[in-house]
Structure formats: structure tokens, C-alpha cells
Amino acid sequence: MTAALLLSRFEVPVVILEASEQRDPLGSKALCMQSDVLDVLERIGCGSVLAAEGVTWTLGRTYYREHELFQITFPEIGERAFPPFVNIGQDRTEHHLARAVAAQPLIDLRHGHRVMDILNREHEVEVVANTADGEARAIGAYAIGADGAGSTTRKILDLPFGGRTFDDRFLICDIRADLPFANEPAVATLDVARVDEIVVKRALAMAGKGARVGYSADPHQVIEEVLQ
């Protein structure tokens, strides 16, 4: 959606093929966006609203049980338009991008279109998709594969995506509340056997209005047990 909105600024018509039948506001990942990303999103009218809605922080703390291990301090905003980092749910980012897409007549968002093949020709690209009504095709000058980690586009075109993975798992919770603590926007990473009352109170004490708490979970632990 971001690429489509940026292209529409130059009056380039865009067709977006989305596999899901509709946008799912539940179960999305948490995002940590840097200021340069917000700068890009501001060009399509979403940067300021996401910065205002998200949790802003300039101080990171890491705990082991009730002990603070270390802090990381990031620069203040200064003359920049946006803070160094903003934490916000992916569903809220998608919400604002979808609204901007719906308001742009040059963008045709087609849900329920699962890409199956891409045909490269000399002067055009044809994308073949499966839909509930059968096969559908879209033809354009270029095709952008923005379909995530398990990209169908890369698999079809045999484009490798090198890199490494790790087994660490985290539970992320963004907390926003009016609390009687010093206003110190921050993020806490907790490496503990369990999240207890002391840990949560320490995390909440870091911010008067918002904080992000990240819990480092055992990679072998059942996720439902961690949530309990």
C-alpha cells in the first residue's frame, strides 16, 4: 500500500492484488518504526497520525527479574519532525494506509486475489491470480512483490532472499494509560521466568502515559502458557 500511494503521487495508476478476502485487524504484529520511515509515510499523509497514535520512546531498559541490567538512551527529537522510534500495532498502520488507499482513485485494491504466476514480456508484466470466481489477470508495465517473508513473487521468479533467523520469541505489550508516575516514555525488555507484579509495576513506572513491554519467552514454551 505504501508503494502504491507513493506512485499515485506521480499520477501512476496501480493495481494491488491482495490474497486475503478482507483486512484482518486482529493478530497483526507490533511495529517499531524509525523516524526515517515516518518521514516516508508522511509523504502519503500517514506519518503524523501514526506518530501521534503510537508510543514514543527515547529510553530503553533491560531487566532480569526485578533487576535493571542496563539502559540505552536515544537522541531527543531536536529539530526533526519525528521521534527516533514509534511503537504501534501493525493493524493500526494498515488501517491508516487502507484509508489513504480508499481515498485515492488511482489505486485499485483487489482483495481475494492470490498470485499464482508472473509472466515477464518485453514491454509488460502479466500477473495471474486465483479468485473465488476463477482465474484473474492483471497487466502492467511493472510488478512489485510486497508479499512478505514467504514471498510468492520471489519464489516464482526464483529470487533468493538471504539472511539469518533466530529462535528468540517475544511477547510485546503497548500500554497507554494516565498513571501517577514520572513522564518518561520508554521501552522495557524483560528476560524473566515469568512476568510478575513487581516487573509490571516497574515497567509502568517508566511512563506517565505510554510504555512498551517486551517479554523474552522460552522458544520451547507453548505460547498459550506464556500468555496465561
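**Group meeting talk: loops, strands and a pocket**

I begin with D158, which is exposed, with a relative accessible area of 66%. Exposed means over 50% relative accessible area, buried means under 20%, and partly exposed is in between, using a 1.4 Å probe and protein chains only. This is a predicted model, in which local features need pLDDT of at least 70 and side-chain atom pairs count only at pLDDT 80 or more, while totals for chains, interfaces and linings use all residues. Residues are numbered from 1 along each chain as its sequence is written, and side-chain values use heavy atoms, with hydrogens and water left out.

D158 sits in the loop between α5 and β11 (169-176). Helices (H or I, at least four residues) and strands (E, at least two) are DSSP runs, numbered from the N terminus. The phi of D158 is near 55 degrees, a positive value in a residue other than glycine. Most residues other than glycine have a negative phi. E11 also has a positive phi, near 60 degrees. The loop between α1 and β1 holds E11, and E11 is exposed, with a relative accessible area of 65%.

Next, the sheet. Which strands form it, and in what order? It is an open sheet of three strands, ordered β8-β9-β10, with antiparallel pairing. Two strands pair if DSSP finds at least two bridges between them. At the edges are β8 (114-120) and β10 (134-140), each pairing on one side only. Neighbouring strands of this sheet are turned by 20 degrees against each other on average, direction ignored. For that angle, axes are lines fitted to C-alpha atoms, for helices over the stretch in contact, and angles run from 0 to 180 degrees between N-to-C directions.

Six bridges join β8 to β9 (residues 125-131), and I118 has V127 in β9 as its bridge partner. Between β9 and β10 there are seven bridges, with A136 in β10 as the bridge partner of A129. A hairpin links β9 to β10 through two residues.

Another antiparallel pair is β4 with β5 (residues 67-73), joined by six bridges.

Strand β6 (residues 85-89) contains F85, which counts as buried at 15% relative accessibility. The C-alpha atoms of F85 and V37 are separated by 9.5 Å, although the two residues are 48 apart along the chain.

Now the largest pocket. How many residues line it? The lining has 49 residues, of which M1, I16, L17, I144 and A146 lie nearest the centre. On a 1 Å grid over the protein atoms alone, a pocket is an open set of points where a 1.4 Å probe fits, with protein on both sides within 12 Å along at least five of seven lines; lining residues have an atom within 4 Å of a point. By class, the lining has 27 nonpolar, 14 polar and eight charged residues. Ala, Val, Leu, Ile, Met, Phe, Trp, Tyr, Cys and Pro count as nonpolar, Asp, Glu, Lys and Arg as charged, and the others, Gly among them, as polar.

The largest share of the lining, five residues, comes from α4. Helix α4 also holds E94, which counts as buried at 19% relative accessibility.
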